[in-house]
Amino acid sequence: MYHIEEFRNKTTVRNYLEHYVDVAIFLEYCKACRCYGRIWSCPPYDFEPEAYWGKYRYVHILGTKISFDREAIDKEKGKEEAAAYIRQVYLNAKEQLSEKMYGLEQRYPGSVTLSAGNCTICSECTRPAGQVCLHPDRMRYSIEALGGNVVKTAEELLGVRIQWSDGDLPEYLTLVNGLLTDDPGAEI
Ligand code: SF4
């Protein structure tokens, strides 16, 4: 009832910072989100996002597009169950992508990956309680949380248009992960 396509590209962090990152603008979007200040992977941070990007020379982008056969899903599951089904497909894909990205970090020592969206490892983040992150070894920041323009990234670097839902279920979902590395030979 769905199929997955992957899209990849690579550029220098210098180019990415110049054309795809605007920390001040995206911080304002983050402030309007319920995750702001409530999840350790989200702003505000005790470091400068530009400096985080700047520790690496290259950024690889991996786009994962999940296209749904809406007709088949609606027919088999009904509208309400369809929404839950699509959410579950999304969460499963996000988890599998995280495992894949941890594997890339192992393959390219010194690299770090960027998550598709905010951290969802724990059912409740410890941040609102003022406690430290429970899994700092697994928590990763997302492109957008570090000021990256995911829509522009997907369109210009991957050739994928991000589809927004206006209440209806989307025809497809796009997850965007990244790998920051100094290794010029890295491939994702
Ligand atoms: S790993 Fe858990 S505690 Fe850490 S940021 Fe993610 S949800 Fe929060």
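Arginine 8 counts as partly exposed because its relative accessibility is 41%; that class lies between buried, under 20% relative accessible area, and exposed, over 50% (1.4 Å probe, protein chains only). This is a predicted model: local features need pLDDT of at least 70, side-chain atom pairs count only at pLDDT 80 or more, and totals for chains, interfaces and linings use all residues. Residues are numbered from 1 along each chain as its sequence is written, and side-chain values use heavy atoms, with hydrogens and water left out.

**Salt bridges**

- The count is 5 salt bridges, each defined as a side-chain nitrogen of Lys or Arg within 4 Å of a carboxyl oxygen of Asp or Glu.
- Arginine 8 pairs with glutamate 6, N to O, at 2.7 Å.
- Glutamate 6 is partly exposed, at 36% relative accessible area.
- A network of salt bridges links Glu6, Arg8 and Lys100.
- Glutamate 28 bridges to lysine 31, with the closest N and O atoms 3.3 Å apart.
- Both glutamate 28 and lysine 31 sit in helix H2 (residues 23-31), 3 residues apart, or about one turn of the helix; helices are DSSP runs (H or I, at least four residues) and strands are DSSP runs (E, at least two), numbered from the N terminus.
- Glutamate 28 is partly exposed, at 47% relative accessible area.
- Lysine 31 is also partly exposed, at 42% relative accessibility.

**A buried pair**

- Glutamate 105 and arginine 140 form a salt bridge, their closest N and O atoms 2.7 Å apart.
- Glutamate 105 is in helix H4 (residues 70-107) and arginine 140 is in the loop between strand S3 (112-114) and helix H5 (150-158), so the bridge ties together parts 35 residues apart in sequence.
- Glutamate 105 and arginine 140 are both buried.

**Ligand shell**

- Residues around the ligand are Trp40, Cys119, Ile121, Cys122, Cys125, Thr126, Cys133, Leu134, His135 and Met139; a residue is near a molecule if one of its heavy atoms lies within 4 Å of it.
- The shell holds 8 nonpolar residues, 2 polar and no charged. Here Ala, Val, Leu, Ile, Met, Phe, Trp, Tyr, Cys and Pro count as nonpolar, Asp, Glu, Lys and Arg as charged, and the others, Gly among them, as polar.

**Surface patch**

- Met1, Tyr2 and Ile4 make a nonpolar surface patch, with about 270 Å² of accessible area together. Patch residues have over 30% relative accessible area and no salt bridge; nonpolar side chains (Val, Leu, Ile, Met, Phe, Trp, Tyr) are joined within 5 Å, like charges within 9 Å. Areas come from the Shrake-Rupley method with a 1.4 Å probe; for residues, only the protein chains shown count as cover.
- Methionine 1 lies in the segment before strand S1 (2-12).
- Methionine 1 is partly exposed, at 34% relative accessibility.
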